[in-house]
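Trainee: Please take me through this structure, beginning with the aromatic side chains and then moving on to whatever else deserves a look.

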Amino acid sequence: MTEPLLFTTALLIGLLGSTHCIGMCGGIAASVGLSTRQNGQSAWLILLGYNLGRIASYTLAGALLGIAGALVATGITGVLLQTLAGLLLIAMGLYVGQWWFGITRMESLGGHLWRHLQPVAARILPVRSPTQAVLLGIVWGWLPCGLVYSTLLWSSASGSWQQSALLMAAFGLGTLPAMFTTGLLARQVQAVMQKRLTRQLAGGVIILFGLYTLPWGRILNLS
């Protein structure tokens, strides 16, 4: 893929995958929005801080995994990495469309790290300032999530840590509209995003991205 198409794809994966994000993180976004109203804080500023912190964690994770990906993104190993990334996107599309739920097993991989981070997140709540919101978002960005993991592996196949980080930032920006409005209009947004047709359309498009990601040409050249 060319770079503009890569970044557009990352944005769309985040936007379409928001049906999953609302299930995973919608509750904390709604509680952050509620706490701001109770404490007289500006809800949009607090929610923006929370989401920027979350996107910062995605970007850092993209850079770290991108370093490893850049080391192996050549030859047969690079083909295998890109193939796995495409298959994971297909699996994520199947999950978003509610056709197959096997991708959720990946989320257990981050469970050990999250057990250490969850108490930290709990100490930050309730959020009373933009600084607390950013810190909560940074911690919450490491919540085990199959969508994030599959996108991380996809971005790490890009060949450089800088591009991997930027792709994860674009993915995070793609999730921003749904997550931001969820914090303000939790029930209304969730009702739309959780509709079966919405999820199936989003899942179908993510599957197409996964099929496009598969290195068909490189596989043929190696055969």
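**Aromatic pairs and packing**

Mentor: Tyr 58 and Phe 171 are both buried, where buried means under 20% relative accessible area, exposed means over 50%, and partly exposed lies in between (1.4 Å probe, protein chains only). This is a predicted model, in which local features need pLDDT of at least 70 and side-chain atom pairs count only at pLDDT 80 or more, while totals for chains, interfaces and linings use all residues. Residues are numbered from 1 along each chain as its sequence is written, and side-chain values use heavy atoms, with hydrogens and water left out.

Trainee: How many aromatic pairs are there?

Mentor: The count comes to three aromatic pairs. Rings of Phe, Tyr and Trp (its six-membered ring) pair if their centres lie within 6.5 Å; planes under 30 degrees apart count as stacked, over 60 as edge-to-face, and the rest as tilted. The rings of Tyr 58 and Phe 171 have centres 5.6 Å apart and planes at 50°, so this pair is tilted.

Trainee: Which helices do Tyr 58 and Phe 171 lie in?

Mentor: Tyr 58 lies in helix α3 and Phe 171 in helix α8 (residues 161–184), so the pair ties together parts that are 113 residues apart in sequence. Helices are DSSP runs (H or I, at least four residues), as strands are (E, at least two), numbered from the N terminus. From C-alpha to C-alpha, Phe 171 and Tyr 58 are 8.3 Å apart.

Trainee: What else is Phe 171 in contact with?

Mentor: Leaving aside neighbours within four places in sequence, its contacts (heavy atoms within 4.5 Å) include Ala 10, Leu 11, Ile 13, Gly 14, Leu 147, Val 148 and Thr 151, as well as Tyr 58. The relative accessible area of Phe 171 is 0%.

Trainee: Back to the aromatic pairs: how are Trp 114 and Trp 140 arranged?

Mentor: Trp 114 and Trp 140 form an edge-to-face pair, 5.1 Å centre to centre with 85° between the planes. Trp 114 belongs to helix α5 and Trp 140 to helix α6, so the pair ties together parts that are 26 residues apart in sequence. Both Trp 114 and Trp 140 are buried.

Trainee: A change of topic, then. How many helices and strands does the protein chain have?

Mentor: The protein chain has eleven helices and zero strands. Buried residues make up 49% of its 223 residues. Of the contacts between residues at least 6 apart in sequence, 82% join residues at least 24 apart.

Trainee: At what angle do α3 and α6 cross?

Mentor: The axes of α3 (residues 43–72) and α6 (residues 130–140) cross at roughly 35° and come within 6 Å. Axes here are lines fitted to C-alpha atoms, for helices over the stretch in contact, with angles running from 0 to 180 degrees between N-to-C directions. The contact involves several residues on each side, including Gly 49, Tyr 50 and Gly 53 of α3 and Ala 133, Gly 137 and Trp 140 of α6.

Trainee: What classes of residue make up the contact of α3 with α6?

Mentor: That contact has nine nonpolar, four polar and one charged residues. Ala, Val, Leu, Ile, Met, Phe, Trp, Tyr, Cys and Pro count as nonpolar, Asp, Glu, Lys and Arg as charged, and the others, Gly among them, as polar.

Trainee: On to the backbone. Which residues does a cis peptide bond join?

Mentor: A cis peptide bond joins Leu 125 and Pro 126, with omega of about -5°. Pro 126 lies in the loop between α5 (111–124) and α6. Most peptide bonds are trans, and most residues other than glycine have a negative phi.

Trainee: Which residue has a positive phi although it is not a glycine?

Mentor: Gln 98 does, with a phi of about 65°. Gln 98 sits in the loop between α4 (75–96) and α5, and counts as partly exposed at 30% relative accessibility.

Trainee: What does Gln 200 touch?

Mentor: Not counting residues up to four places away in sequence, Gln 200 touches Gly 97 and Trp 99. Gln 200 lies in helix α10 (residues 196–213) and is partly exposed at 22% relative accessibility.

Trainee: Last one: is Ser 155 buried or exposed?

Mentor: Ser 155 is buried, with a relative accessible area of 0%. Ser 155 is found in helix α7 (residues 146–156) and touches Ser 164, Leu 167 and Met 168, again not counting residues up to four places away in sequence.
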